[in-house]
Amino acid sequence: ANAALGAAVGEQERRAARLPLGVRRRGLRVVVTGGAGFVGSHLVDRLLERGDSVMVVDNFFTGRKENLAHQAGHPALEVIRHDVVEPILLEVDRIYHLACPASPVHYKHNPVKTIKTNVMGTLNMLGLAKRVGARFLLTSTSEVYGDPLQHPQVETYWGNVNPIGVRSCYDEGKRTAETLTMDYHRAANLEVRIARIFNTFGPRMCIDDGRVVSNFVAQALRKDPLTVYGDGKQTRSFQYVSDLVDGLMKLMEGEHVGPFNLGNPGEFTMLELAKVVQETIDRGARIEFRPNTADDPHKRKPDITRAKQLLGWEPKVPLREGLPLMVHDFRARIFGGIGVGVG
Ligand code: NAD
Ligand code: UDP
Ligand code: UDP
């Protein structure tokens, strides 16, 4: 069905691009900014599988060549080392704009760079989309809800965000990116899509990015204690990466702008998560409490009614099923062996 979609779309595009009859691209020309990162590399796999031509634009700040190594030599893949804060000229049909550090440790490392990436990077990609008439998808975040006063979070909720805190470069940056996206949509008639992504995990996450799932899994494998911040009663809802990629592609090819929450409503306290990791990797793993970071949201859980109704999407892989797939990859990367290609 995916190949058929690619071919059908190819015919439309041929006409739109005024290519001679018989000269037809196999699929779409798709840019994935941040395509060497965790989510981006899984998305690239699926787009290539569908028959699209993919251009990855990435500055390799948190992305890694290894994430795409299994696609090396693929005739339809081009990897461009480029910082989205700088303008770029490309000819494309779709832009998935993911470029942005995503883990708190990474985005706090150079907060000014984070906000430049969110604002100037998004502006450049919107300018590009406008020039070539491409459809643009922004990967926003559940962080736009801040420390939410509504639970679970619905897309109509405007959020509770500290504008001057240590997380602001990321959450205010993404809020501005959403604003820019909607302004280009209204002012320049650009076709846009907005996804608000909730905590996602899976193979190819950075091992030392400080996020809770990667920390716990690496700690349990290395026989280090699992570090629970604060009292461990704060909650998050964890989505497996293949579900997210599915949602992003449905959103891009569907007809609704959004914003759409893309997340798994299965909600866990950090202590419950630690328990699942113990059961999956090492029942004897110890837990150590550490002081929590500033402005940490107390709870987070997506209401995905809108995505279910309008995109026909819902996640399929619960935490307990997805975790072993990630553990397999982390084990191989920490102790050696093959693992990066595991999707
Ligand atoms: P990641 O850090 O693995 O990937 C981000 C990619 O962007 C990396 O390859 C990095 O090198 C690249 N990048 C960063 N700054 C750049 C710049 N200025 N120019 C070019 N490339 C740049 O993170 P991820 O988890 O794959 O996140 C992808 C997107 O999804 C991000 O926009 C993030 O905000 C969003 N998101 C992710 C999650 C999650 O739980 N993973 C949750 C909410 C939103
Ligand atoms: N831009 C880009 N590639 C393009 C077209 C535009 O990187 O193919 C950048 C451009 O340099 C500008 C931004 O996108 O910084 C916004 O472009 P737009 O045309 O919307 O605004 P303007 O250039 O008029 O400020
Ligand atoms: N956390 C934790 N131990 C860790 C890392 C994080 O208990 O080793 C907590 C953190 O305080 C937060 C939650 O886990 O409450 C999720 O943190 P993460 O950085 O993964 O993502 P966030 O949703 O905060 O962006």
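**View 1. The shell around ligand 2 holds five nonpolar, two polar and two charged residues.** Here Ala, Val, Leu, Ile, Met, Phe, Trp, Tyr, Cys and Pro count as nonpolar, Asp, Glu, Lys and Arg as charged, and the others, Gly among them, as polar. This is a predicted model, in which local features need pLDDT of at least 70 and side-chain atom pairs count only at pLDDT 80 or more, while totals for chains, interfaces and linings use all residues. Residues are numbered from 1 along each chain as its sequence is written, and chains are lettered from A and ligands numbered from 1 in the order in which they are written. Around ligand 2 stand Pro 87, Ile 88, Leu 89, Leu 123, Asn 124, Gly 127, Leu 128, Lys 130 and Arg 131. A residue is near a molecule or strand if its C-beta atom, placed from the backbone, lies within 6 Å of it.

**View 2. Ligand 1 has 28 residues around it.** Gly 34, Gly 37, Val 39, Thr 62 and Gly 63 come nearest. The shell divides into 13 nonpolar, 13 polar and two charged residues. At least two shell residues come from each of α2 (38-50), α4 (111-132) and β5 (135-141). The largest share, three residues, is from α2. Helices (H or I, at least four residues) and strands (E, at least two) are DSSP runs, numbered from the N terminus.

**View 3. Seven strands make an open, parallel sheet.** Their order is β3-β2-β1-β4-β5-β6-β11. β3 (77-81) and β11 (260-262) are at the edges, each with a single partner strand, so one side of each has no neighbour in the sheet. From one strand to the next, the twist averages 20 degrees. Two strands pair if DSSP finds at least two bridges between them. β1 (residues 29-33) and β2 (residues 53-58) pair in the parallel sense over five bridges. Arg 29 is opposite Ser 53 in β2.

View 4. Axes are lines fitted to C-alpha atoms, for helices over the stretch in contact, and angles run from 0 to 180 degrees between N-to-C directions. Two residues are in contact if their C-beta atoms, placed from the backbone, lie within 7 Å.

**View 5. Helix α8 (residues 270-280) has four named buried residues: Met 270, Leu 273, Ala 274 and Val 277.** They lie on the same side of α8, because they cover an arc of only 100 degrees around the axis. The arc is that of the directions from the helix axis to the C-beta atoms. These buried residues pack against α6 (212-221), β8, β12 (267-269) and β13. A residue is buried if 20 or more other C-beta atoms, placed from the backbone, lie within 10 Å of its own, exposed if 12 or fewer, and partly exposed in between.

**View 6. Strand β8 (residues 226-229) has a covered and an uncovered face.** Leu 226 and Val 228 are on the covered face, Thr 227 and Tyr 229 on the uncovered one. In a regular strand the side chains alternate between the two faces of the sheet. β8 pairs with β13 (residues 287-290) in the parallel sense over four bridges. Phe 289 in β13 is the bridge partner of Val 228. Arg 290, also in β13, touches Thr 227 and Tyr 229, not counting residues up to four places away in sequence.
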